Amino acid sequence: QVQLVESGGGLVQPGGSLRLSCAASGTGSIFSIDVMGWYRQAPGKERDVVALISSRGSTSYADSVKGRFTISRDNAKNTVYLQMNTLKPEDTAVYYCNAEGVVAVVAGTRRLWRNVWGQGTQVTVSS
């Protein structure tokens, strides 16, 4: 099994900053992860992509967060980060970590998990 564990959410005032982290782990040894990213879901709305980063470091962002959020990853630690600056009330949501194309070695055999989700972490921006 492969799992993603998020941390770093919380309550922050408008204009403040938060840093989310998401670490991938499993029963075997993770060999590679293709794309890692962050999505968010506000109450009553669909889950939307926030930012994505490839294994080579190519990034993409939702228009609403460009210039304020920065995604990065540490391949050696199988960890992805989301630095969120100048937060706005409309950024309030549950933030989910996602990993696509996870290859892990389990009992000497390579296995592929196409799409893995974290459990989500709440981010609330309010005064």
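This is a predicted model: local features need pLDDT of at least 70, side-chain atom pairs count only at pLDDT 80 or more; totals for chains, interfaces and linings use all residues.
User: Which residue does Arg-68 meet in a salt bridge, at 2.7 Å, N to O?
Analyst: Arg-68 sits in the loop between strand E6 (59-61) and strand E7 (69-74). Its partner lies in the loop between E8 and E9, so the pair ties together parts 23 residues apart in sequence. That partner is Asp-91.

User: Which residues do salt bridges with shared partners join into one network?
Analyst: Asp-91 also meets the side chain of Arg-40 in a salt bridge (2.9 Å, N to O). Arg-40 is in strand E4 (residues 29-41) and Asp-91 in the loop between E8 and strand E9 (93-106), so this pair links parts 51 residues apart in sequence. Asp-91 is buried at 0% relative accessibility, and Arg-40 is buried at 14%. The network is Arg-40, Arg-68 and Asp-91.

User: What about Asp-63, buried or exposed?
Analyst: The side chain of Asp-63 meets that of Lys-66 in a salt bridge (3.1 Å, N to O). The cut-off for exposed is over 50%. Asp-63 has 65% relative accessibility, so call this one exposed.

User: Which residue in E8 is the bridge partner of Arg-19?
Analyst: E3 (residues 18-26) pairs with strand E1 (residues 2-7) in the antiparallel sense over six bridges, and there Val-2 stands opposite Gly-26. E3 also pairs with strand E8 (residues 79-84), antiparallel, over six bridges. In E8, the partner of Arg-19 is Gln-83.

Definitions and conventions:
Residues are numbered from 1 along each chain as its sequence is written. Side-chain values use heavy atoms; hydrogens and water are left out. Two strands pair if DSSP finds at least two bridges between them. Helices (H or I, at least four residues) and strands (E, at least two) are DSSP runs, numbered from the N terminus. A salt bridge is a side-chain nitrogen of Lys or Arg within 4 Å of a carboxyl oxygen of Asp or Glu. Buried means under 20% relative accessible area, exposed over 50%, partly exposed in between (1.4 Å probe, protein chains only).
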